[in-house]
Structures are given as C-alpha cells and as structure tokens.
Amino acid sequence: MSVYGFGIGLASSLMGIAGGSLATIVLTMYGRTIHSAVATAAGLGVPITIAGAIGYVIAGWPHEALLPPLSLGFVSLIGLVLMAPLSSLTAPYGARLAHRLSRRTLEIAFAIFLLLVSLRFVFSLF
C-alpha cells in the first residue's frame, strides 16, 4: 500500500489534482465499496494537496523573477485564496450527493468523470 500511496501522491502532484480519483480507483480495486472509497479518497486529498503545494513552492523559488506577481514558487496565491474556500464550502454538498446516489449510479458517474478528464488530457496534447 505504501507504493500505491507514493504513486498516487506523485501522479496527483504532477497532474495538479488532489488525488481523490486515483485513490478511489485503488480502493475499489481492493474491495472497498464505492461510497467508502470516495469518502476515504476525499480525506486523502488534503494531505496530498498540502504536500504537492509545498513541493511546487520549493521548486519554483529559483524562478521567482520569471513568475507572475502574487506567486509563491509555482503556486498562485490568487488561485489559492479563491479555490481553498470554495472547495471547503462545496465539499459537504458533494459528499451528501455521493451518499444519496445508488452504488451503480455513483460508479457510472465516476466512470464518466474519469472519461472526461482523460479526454481533456488527450486533447491538451494537440
């Protein structure tokens, strides 16, 4: 599991995501229900995000002169100030919605989400 944790944290930081989608995949692969996997993965997003942000701050220090104003390393302080409160405010709504959906509906919604994210990455190559 440590290898999965390292891989999820590394991949999440490189992709700029909190890691919930990757953790959900691993947890369901090991027999967790989709509801349990989503809830656990949501909690894992916080430490993954903090570690990734610290890494991007440190990695960006040598490039401070080339970065936009209000940046701390490769982290935009404007983005942080806007996204952190919004994420905190909307997370309970997402959790309530996930628990109201049936297992099958949640699995299908998660699959569609992963498909859309994958397509976005593929289209960004062109």
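The structure holds 2 salt bridges, a salt bridge being a side-chain nitrogen of Lys or Arg within 4 Å of a carboxyl oxygen of Asp or Glu. This is a predicted model: local features need pLDDT of at least 70, side-chain atom pairs count only at pLDDT 80 or more, and totals for chains, interfaces and linings use all residues. Residues are numbered from 1 along each chain as its sequence is written, and side-chain values use heavy atoms, with hydrogens and water left out.

**Salt bridges**

- Arg103 pairs with Glu107 in a salt bridge, with 2.6 Å between the closest N and O atoms.
- Glu107 also forms a salt bridge with Arg104, where the closest N and O atoms are 3.5 Å apart.
- Shared partners join Arg103, Arg104 and Glu107 into one network of salt bridges.
- Side chains of opposite charge can pair when their charged atoms come close.

**Setting of the network**

- Helix H5 spans residues 103-124 and holds both Arg103 and Glu107, 4 residues apart, about one turn of the helix.
- Arg104 and Glu107 also both lie in helix H5, 3 residues apart, again about one turn.
- Arg104 is exposed at a relative accessible area of 54%. The classes are buried under 20% relative accessible area, exposed over 50% and partly exposed in between, using a 1.4 Å probe and protein chains only.
- Arg103 is partly exposed at 49% relative accessibility.
- Glu107 is partly exposed too, at 25%.

**Fold and surface**

- The protein chain has 5 helices and 2 strands. Both are DSSP runs numbered from the N terminus: helices are H or I with at least four residues, strands are E with at least two.
- From the N terminus, the element order is α-α-α-β-β-α-α.
- The C-alpha atoms fill a box of roughly 50 × 35 × 30 Å along the principal axes.
- Of the 126 residues in the protein chain, 19% are buried.
- The accessible surface of the protein chain is about 8,900 Å², and 76% of that belongs to carbon and sulfur atoms. Areas come from the Shrake-Rupley method with a 1.4 Å probe; for residues, only the protein chains shown count as cover.

**Contacts and single residues**

- Among contacts in the protein chain with a separation of 6 or more, 41% join residues 24 or more positions apart. Contact means heavy atoms within 4.5 Å.
- Ser21 sits in helix H2, residues 20-29.
- Ser21 is buried at 15% relative accessibility.
- Leaving out residues up to four places away in sequence, Ser21 touches Phe110, Phe113 and Leu114.
- His99 belongs to helix H4, residues 77-100, and is exposed at 54% relative accessible area.
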